[in-house]
Amino acid sequence: MRKPVIAGNWKMHKTIGESVDFALRLNKELAERSADTDVIIAPPFIALRPVAEAISSSVIHLAAQNLHDKTEGAFTGEVSARMLADAGCEYVIVGHSERRILFGEKDDFICRKLRAALSAGLRPIFCIGETSEERDAGKTLAVLGRQLKGGLNNFTAHDMGRVVIAYEPVWAIGTGKTATPEAAQEAHRFVRTAMERAFGKDISSVLPIIYGGSVNPGNIGDLMAEPDIDGALVGGASLDIESFTGIIRF
Ligand code: PGA
């Protein structure tokens with residue numbers, strides 16, 4: 001059985017104080033619950049360490065939103081996997097469509113980042129997804145296949161044991177337009193089958209594949225009812241404690 005994963009990607013929102021305050025409130029909300037869902041929050045870089053301290057004895061896991069592929073060096077403004085692990089991160093989001101589109105990240109760079117994350121002991125949340133033009137042109141599954149192949153180039157079954165895949169159709173991110181549960185399920189099924197072909201059933205059957213794109217407390221239940229949807233990567237609705245806990249309690 002796969003354990004549900006609900007991850008909040010705060011993007012460029014919340015100061016250090018606001019991040020810590022949210023983490024403490026979330027901790028209180030979840031205190032009564034057994035750890036039946038993996039709950040992850042991804043604050044901005046500068047809030048990672050203070051949030052790690054705030055949630056040190058809780059069930060909440062910490063993620064960064066990005067990383068650089070090199071361990072150290074002359075890369076002004078960048079942060080390495082080793083630094084993130086040292087700050088208390090367990091997870092890191094890699095290949096988010098905002099990184100791909102706004103910052104020009106390509107599959108080979110994303111592949112190196114995924115590798116860097118694993119080398120530092122971090123679990124990558126590897127994001128893939130098609131644009132509306134690609135969907136309208138009937139290319140959704142081809143795009144997902146290309147992104148999986150490029151990002152996971154030379155990965156082994158052992159590597160895949162630590163990866164979470166997030167299917168996030170670009171047209172659904174921050175737009176209020178969620179994929180229908182059936183459309184999301186079709187994409188998730190495609191990803192799981194591709195992973196079975198590449199790495200075997202032992203891996204594909206336990207691989208968490210989560211959905212992202214305008215998830216809210218009202219639509220999470222129907223998405224989670226689909227057999228291959230194992231959780232959600234949540235942007236906007238993860239910024240508010242009521243809506244994020246509503247999603248966690250789907
Ligand atoms: P959204 O963002 O929930 O605001 O659509 C999702 C994401 O970007 O991961």
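I began with the surface: the protein has an accessible surface of about 11300 Å², and 53% of that belongs to carbon and sulfur atoms. Accessible areas here come from the Shrake-Rupley method with a 1.4 Å probe, and for residues only the protein chains shown count as cover.

I noted what kind of model this is: it is predicted, local features need pLDDT of at least 70, side-chain atom pairs count only at pLDDT 80 or more, and totals for chains, interfaces and linings use all residues. Residues are numbered from 1 along each chain as its sequence is written, and side-chain values use heavy atoms, with hydrogens and water left out.

Next I looked up the overall size. The C-alpha trace spans about 45 × 45 × 35 Å along the principal axes of the protein.

I then checked burial. Of the 250 residues, 54% count as buried (under 20% relative accessible area, with a 1.4 Å probe and protein chains only).

I looked at contacts (heavy atoms within 4.5 Å). Among those between residues at least 6 apart in sequence, 73% join residues at least 24 apart.

Last, I picked one residue. Asp159 is found in helix α8, residues 157-160 (a helix is a DSSP run of H or I, at least four residues, numbered from the N terminus). Asp159 counts as buried because its relative accessibility is 15%. Leaving aside neighbours within four places in sequence, I found Asp159 in contact with Arg115, Leu118 and Asn154.

Conventions. Buried means under 20% relative accessible area, exposed over 50%, partly exposed in between (1.4 Å probe, protein chains only). Helices (H or I, at least four residues) and strands (E, at least two) are DSSP runs, numbered from the N terminus.
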